[in-house]
Amino acid sequence: MTTHDFTPSRRTVLSGSAALAVAGSGLLTAVAGPAAAEKTATPTKGTKPMLQGSYVTTKDGVQIYVKQWGPQTGQPVVFSHGWPLTGDAFEDQMMFLARHGYRTIAHDRRGHGRSSQPGFGNDLDHYADDLAAVTEALELKNAVHVGHSTGGGEVARYIGRHGVSRVAKAVLIGAIPPIMVKTDWNPDGVPMEVFDGIRAGVKADRSQFFKDLTIPFYGYNRPGAKVSQGVIDSFWMQGMMGGLLAEYECIKAFSETDQREDLKKMIVPTLVMHGDDDQIVPIATSAKAAVALLPKGTLKVVPGAPHGICTTHKDIVNEELLAFIRA
């Protein structure tokens with residue numbers, strides 16, 4: 001079964017499913033509980049982004065949940081997760097780098113996790129602007145931005161819209177750029193019918209859809225794969241924390257956004273990491289196409305790794321990140 005054989009049914013999701021941009025799974029741990037959220041001031045539109053408790057309020061009044069680990073004096077490493085999860089998807093990488101002296105930061109995308117569900121702005125431009133709001137509120141400089149899947153598209157669009165004045169390096173892991181859907185200039189892309197099927201699955205029963213999706217996402221349908229029920233449960237729990245509307249509209253964002261110009265503007269050293277057994281975001285039309293457009297791109301292919309590489313191959317990802325940051 002390939003992505004081109006997809007139809008909107010549970011069977012196809014289990015057997016090979018969609019080519020879609022999703023973030024890796026991690027343990028679900030809130031830095032601040034409900035009490036902290038209640039103390040957050042009422043959002044005021046049009047003001048400078050500010051950190052209040054565990055939330056940054058954007059200029060359009062959306063509250064973005066943020067967590068930070070490691071020394072505040074360390075070089076910032078900022079993580080952008082993918083659909084349909086949360087910043088918790090990067091906990092393995094955050095803890096590893098925090099223990100090596102880095103200030104690690106992750107946020108929940110608008111409409112996802114613990115962030116606001118405003119019902120608007122579910123596109124890469126707003127995602128990028130939200131990331132810019134976080135970097136401004138936290139006064140980050142010389143930051144390394146790491147994005148997995150849809151998060152990789154967010155990082156690329158952030159640099160494309162806001163430049164590199166606060167950015168030292170970037171990392172795209174299993175990322176969606178330059179585009180996922182099949183187009184005239186991307187003839188080997190994923191047919192639109194695949195994404196229509198994803199929309200149908202999410203709309204019909206997103207809870208079951210997310211559970212089914214974990215199988216190809218983590219390569220659990222491969223011979224000899226060690227299946228973790230805990231990872232499956234964490235993926236499902238993070239996905240269900242988000243809002244249906246935001247997750248539904250994000251499908252268009254991660255599949256149809258043309259990011260060729262964003263990649264050309266990424267003039268900082270950029271590591272592109274991808275598993276060669278990624279059943280979700282095909283490596284040929286993503287990583288290999290992206291690195292050809294990046295001014296300072298380096299491609300690292302991880303043999304046998306699935307889309308959920310940050311979990312299944314976390315030790316490799318962690319060491320590659322550390323080496324790249326230090327280089």
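Helix H4 (residues 124–137) has a buried set made up of Leu 124, Tyr 127, Ala 128, Asp 130, Leu 131, Ala 132, Ala 133, Val 134, Thr 135 and Ala 137; buried here means under 20% relative accessible area, exposed over 50%, and partly exposed in between, with a 1.4 Å probe and protein chains only. With ten of its 14 residues buried, H4 is mostly covered. Helices (H or I, at least four residues) and strands (E, at least two) are DSSP runs numbered from the N terminus. The model is predicted: local features need pLDDT of at least 70 and side-chain atom pairs count only at pLDDT 80 or more, whereas totals for chains, interfaces and linings use all residues. Residues are numbered from 1 along each chain as its sequence is written, and side-chain values use heavy atoms, with hydrogens and water left out.

The length of H4 can be checked against its residue count. One of the residues of H4 is Ala 133, which counts as buried because its relative accessibility is 5%. Leaving aside neighbours within four places in sequence, Ala 133 is in contact with Pro 49, Val 56 and Thr 58, contact meaning heavy atoms within 4.5 Å. Lys 48 is 85 residues from Ala 133 in sequence, yet their C-alpha atoms are 8.3 Å apart in space.

H4 also packs with helix H5 (residues 150–162), at an angle of about 75° and with the axes 8 Å apart. Axes are lines fitted to C-alpha atoms, for helices over the stretch in contact, and angles run from 0 to 180 degrees between N-to-C directions. H4 and H5 are therefore roughly perpendicular to each other, given that angles under 35 degrees count as roughly parallel, over 145 as roughly antiparallel, 65 to 115 as roughly perpendicular and the rest as oblique. On the H4 side, the residues that meet H5 are Leu 124, Asp 125, Tyr 127, Ala 128, Asp 129, Leu 131, Ala 132 and Thr 135. Their partners in H5 are Thr 150, Gly 153, Glu 154, Arg 157, Tyr 158, Arg 161 and His 162. The residues of this contact divide into six nonpolar, four polar and five charged; Ala, Val, Leu, Ile, Met, Phe, Trp, Tyr, Cys and Pro count as nonpolar, Asp, Glu, Lys and Arg as charged, and the others, Gly among them, as polar.

Asn 142, in the loop between H4 and S6, has a phi of about 55° although it is not a glycine. Ser 149, in the loop between S6 and H5, has a positive phi of about 60° and is likewise not a glycine. Asn 142 is partly exposed, with a relative accessible area of 46%, whereas Ser 149 is buried, at 0%.

Next comes helix H12 (residues 314–326), whose 13 residues should span 18 Å at 1.5 Å a residue; the end C-alpha atoms are 18 Å apart, in agreement. Val 317, Asn 318, Leu 321, Leu 322, Phe 324 and Ile 325 are the buried residues of H12. They cover an arc of only 165° around the axis, which puts them on the same side of H12; the arc is that of the directions from the helix axis to the C-beta atoms. Asp 315 and Arg 326 are exposed on the face turned away from that buried side.

H3 itself is largely enclosed by the rest of the structure, because six of its eight residues are buried. These are Glu 91, Gln 93, Met 94, Phe 96, Leu 97 and Ala 98, and they pack against strand S3 (63–69), S4, strand S5 (103–107), H11 and H12. Within S5 lies Thr 104, which is buried at a relative accessible area of 0%. Among the contacts of Thr 104 beyond four places in sequence are Met 94, Leu 97 and Ala 98, along with Val 77 and Phe 79.

Key:
Expected span 1.5 Å × (residues − 1).
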